[in-house]
Amino acid sequence: MKKIIKGIVVILILMCTGYVQPVFASDQNLDNYIYNHLKNWDTEFEIPYYNDDVIDVVQNIAKKDDYLSRSISQLCYKKEENKATLIVAYRTTKEQEEYIDEELKKVINSIITPNMNDFDKVKTINKYLVDRYEYDYALQSNNVYSALTTGKTTCQGYAMSAYKMLNLAGIENRIVIGTLSGTPHGWNLVKLGGKWYQLDVTNDDAVSIDKYFLKSDDYLKKDGFSWNCSDYPKCDSNYQETLQSNKVNESANNVTSKEDYDLNNNGQTIYTYRSSVDGKWCLVNGFWYFLKNDGDYAIGWKLIDNNWYYLSDNGIMQNGWIYSDSKWYYCYPTTGAMATNTSINGYVVDTNGVWIA
């Protein structure tokens with residue numbers, strides 16, 4: 001037995017002697033070496049790092065990409081003499097990740113159009129995930145592959161899917177790891193117009209499609225959300241509040257008189273309302289209204305701040321395709337303003353906003 005053990009030791013020494021250790025000029029090069037192996041979904045690779053904090057170091061490197069960090073399920077470090085190996089287990093295989101990338105690119109190409117602004121993209125992606133996924137109460141589906149192939153997933157699958165899709169659409173975002181009412185939970189942060197907002201697609205699906213759509217930190221905290229705030233950008237307002245503030249500021253800069261006039265094609269006089277002068281935009285229960293100074297909500301087609309809007313009989317601003325006076329018009333989902341002289345998903349509208357082809 002002793003001879004056998006001595007033989008094994010000799011073999012190990014010979015193997016280690018023949019091993020050439022990678023040489024790195026800086027810690028950054030070492031970080032890149034490890035990061036590239038992780039991004040390639042490599043399950044085992046040699047690592048020239050021998051300190052006891054190796055697992056923490058690798059985890060911190062993986063945090064450069066929230067999706068990658070959440071994809072790693074287990075790390076194991078093995079050291080023999082001057083040779084060290086990192087063994088990594090992922091929630092998905094490399095082939096499954098290739099499927100995810102291909103599938104989500106197809107989805108983005110089908111639901112995101114060139115005329116969309118960033119808000120439209122986020123809203124469209126949120127709605128797509130709410131429509132496609134159901135919450136997995138069995139808690140078995142915890143990655144994007146199982147979410148796409150089964151239609152069910154946990155919060156992790158929602159957040160990781162949103163992360164991937166938002167990145168493909170060119171929207172900067174993060175995955176937040178925290179708790180909801182004491183239970184582990186994950187969701188997203190989204191950056192729009194230079195400001196960050198909270199987005200919880202999981203509960204947009206379970207509760208209401210806009211319940212946690214582009215909200216502030218305080219909004220989530222009052223509902224029992226908790227996370228390490230120092231790890232993430234601050235969200236100091238709801239998107240609707242920012243949008244309303246911007247509308248007021250923009251209109252205030254453009255005010256020339258209380259009543260501006262214009263003529264439509266029939267020679268009729270059209271009153272152009274100025275928000276903050278002739279009335280104001282109001283957000284009530286998730287719907288936009290234009291409240292005039294006389295206390296009534298504007299209804300029908302209205303020219304407000306030099307943009308046409310269509311407000312229903314109860315005053316709610318409408319968006320999407322609108323059929324009016326035997327003609328089709330399109331109002332952008334983001335602002336409600338009528339589209340003119342452009343193409344919407346291949347449908348052309350003229351300078352008056354009428355669909356012509």
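**Close-up views of a predicted model**

**View 1. The stretch at residues 298–317.** Across residues 298–317 the chain is 0% helix and 50% strand, with its end C-alpha atoms 9 Å apart. Helices (H or I, at least four residues) and strands (E, at least two) are DSSP runs, numbered from the N terminus. The model is predicted: local features need pLDDT of at least 70, side-chain atom pairs count only at pLDDT 80 or more, and totals for chains, interfaces and linings use all residues. Residues are numbered from 1 along each chain as its sequence is written, and side-chain values use heavy atoms, with hydrogens and water left out.

**View 2. An open antiparallel sheet of three strands, in the order β1-β3-β2.** Strands β1 (44–46) and β2 (72–80) are the edges, each pairing on one side only; two strands pair if DSSP finds at least two bridges between them. On average, neighbouring strands of this sheet are turned by 20° against each other, direction ignored. Three bridges join β1 to β3 (residues 83–90) in the antiparallel sense, and E46 stands opposite T85 in β3. Helix α3 (residues 54–62) packs on the sheet, where it touches β2 and β3, and its direction makes about 140° with that of β2. Contact means heavy atoms within 4.5 Å. Axes are lines fitted to C-alpha atoms, for helices over the stretch in contact, and angles run from 0 to 180 degrees between N-to-C directions.

**View 3. The packing of helices α6 and α8.** The axes of α6 and α8 (residues 155–168) come within 10 Å and cross at roughly 145°. This crossing of α6 and α8 is right-handed; a crossing is left-handed if the near helix is turned anticlockwise from the far one by less than a right angle, and right-handed if clockwise. At the contact, V122, I125, Y128 and L129 of α6 meet Y158, S161, A162, M165 and L166 of α8.

**View 4. The salt bridge between R132 and E103.** A salt bridge is a side-chain nitrogen of Lys or Arg within 4 Å of a carboxyl oxygen of Asp or Glu, and by this rule the count comes to eleven. The side chains of R132 and E103 meet at 3.4 Å, N to O. Because R132 belongs to α6 (residues 118–132) and E103 to α5 (residues 94–111), the pair ties together parts that are 29 residues apart in sequence. R132 is partly exposed at 25% relative accessible area, whereas E103 counts as buried at 18%. Buried means under 20% relative accessible area, exposed over 50%, and partly exposed in between (1.4 Å probe, protein chains only).

**View 5. The salt bridge between K195 and D236.** The side chains of K195 and D236 meet at 2.8 Å, N to O. K195 lies in strand β8 (residues 195–199) and D236 in the loop between β10 (225–227) and α11 (239–254), so that the pair links distant parts of the chain, 41 residues apart. K195 is partly exposed, with 25% relative accessibility, and D236 is exposed, with 51%.

**View 6. A network of salt bridges linking K211, K222 and D223.** In the salt bridge of K211 with D223, the closest N and O atoms are 3.9 Å apart. K211 is partly exposed at 26% relative accessibility, and D223 is also partly exposed, at 25%.
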